[in-house]
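Dear colleague,

I am handing over the structure we spoke about, placed just below. My notes on what was found in it follow, and I would be glad if you read them with the structure open.

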Amino acid sequence: MDTDCRLNISGGCATDIGAVRKVNQDAVFFQCLCQQGECFAVGAVCDGIGGMQAGEEASALVIEGIGQWYSQVCCWIDIPNADQDVLFSHMKDAAEQWNRDVLDFCLKRGIKSGTTMSVLMILRNRFYILHAGDSRIYRYHYYLEQLTADDTVVRVHNGKERVYLSNYLGKSEQLHFTSVCGGLKKGDLFLYCSDGFYHRLQETDVRGYLNDYRKRLPLEQICRKAVLQMKERGETDNISAGILIAGALKSRIGFL
């Protein structure tokens, strides 16, 4: 595993209201800062809970919180020397505040609302994930691997099995999330997306994103193209996706 070299991070994200929805309850984020050849990047997707009020405001509120946290960290971080695990703990503490922000929003409005949250942080040669809900983060390196597990339960309603969301921000004062971390390899592609995107996702699609990247298309443009592709396949939900790639083009991505 090549985790000792310096890795450049490229990224982009896109969202679309979809074919039939009146409101886009998805929100996405990507930012990257590099110092002395080392990078600190964050990508995130939030999907407001369907069937609840103001899901689009809940997801936007959390993405805003993630953006504020990232900007604050960028003001003081020494990327080449920062302790990776300590910064991840700092992000976990911030996630507790993002959950409280959603709860306070619901209390002030007298409503019940919530949002999924899948956050990917990369610092130098390691990646970290915080996850609650059924949005997803994948990694592709020779094959597609789902790094997050859907927080869902199956229940019988009117004689039929239905899938229900079991965890999200805004559900309770105690935030429950899963975390994943690991070493970053040159050529890793990370895809974070809402359920409106992954319902019709195929592994060959991801190889296509890499081919487009090899052709030097900006990742934001690749994300927009990917989102529209899912829409053309008949997806009716809101559709959102972000892509992060570790390493530079051609010679720095060994398997391309």
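I begin with the hairpin formed by β8 and β9, which has two residues between its strands, and in whose turn N158 has a positive phi of about 55 degrees. Helices (H or I, at least four residues) and strands (E, at least two) are DSSP runs, numbered from the N terminus, and two strands are said to pair if DSSP finds at least two bridges between them. β8 (residues 152-157) and β9 (residues 160-165) pair in the antiparallel sense over six bridges, with T152 standing opposite L165 of β9. Of the six residues of β8 the number buried is zero, so this strand lies largely in the open; here buried means under 20% relative accessible area, exposed over 50%, and partly exposed in between, computed with a 1.4 Å probe on protein chains only.

A word on the basis of these notes: the model is predicted, so local features need pLDDT of at least 70 and side-chain atom pairs count only at pLDDT 80 or more, while totals for chains, interfaces and linings use all residues. Residues are numbered from 1 along each chain as its sequence is written, and side-chain values use heavy atoms, with hydrogens and water left out.

Two further residues have a positive phi. R124, which is not a glycine, has a phi near 55 degrees and lies in the loop between β4 and β5, where it is buried, with a relative accessible area of 16%. Y142, also not a glycine, has a positive phi of about 75 degrees; its place is in the loop between β6 and β7, and it is exposed, with a relative accessible area of 59%.

β2 and β3 run antiparallel and are joined by ten bridges, and A27 stands opposite C46 in β3.

Helices α1 and α2 pack at an angle of about 145 degrees, with their axes 10 Å apart. Among the residues that make this contact are L61, I66 and W69 of α1 and M91, W98 and F105 of α2.

Lastly, the interior. A nonpolar core is a set of buried Ala, Val, Leu, Ile, Met, Phe, Trp, Tyr and Cys residues joined through side-chain atoms within 4.5 Å. The largest one has 36 residues, of which F40, V42, I66, W69, W98, M117 and M121 touch the most other members. The elements that give two or more residues to this core are β2 (26-35), β3 (38-47), α1 (55-76), α2 (84-109), β4 (117-123) and β5 (126-132), and the largest share, nine residues, comes from α2. Leaving aside its neighbours within four places in sequence, I66 is in contact with F29, V42, A44, W98 and V119. A second, separate core of 23 residues includes Y140, L189, F197 and Y198.

With best wishes

Technical notes:
Contact means heavy atoms within 4.5 Å. Axes are lines fitted to C-alpha atoms, for helices over the stretch in contact, and angles run from 0 to 180 degrees between N-to-C directions.
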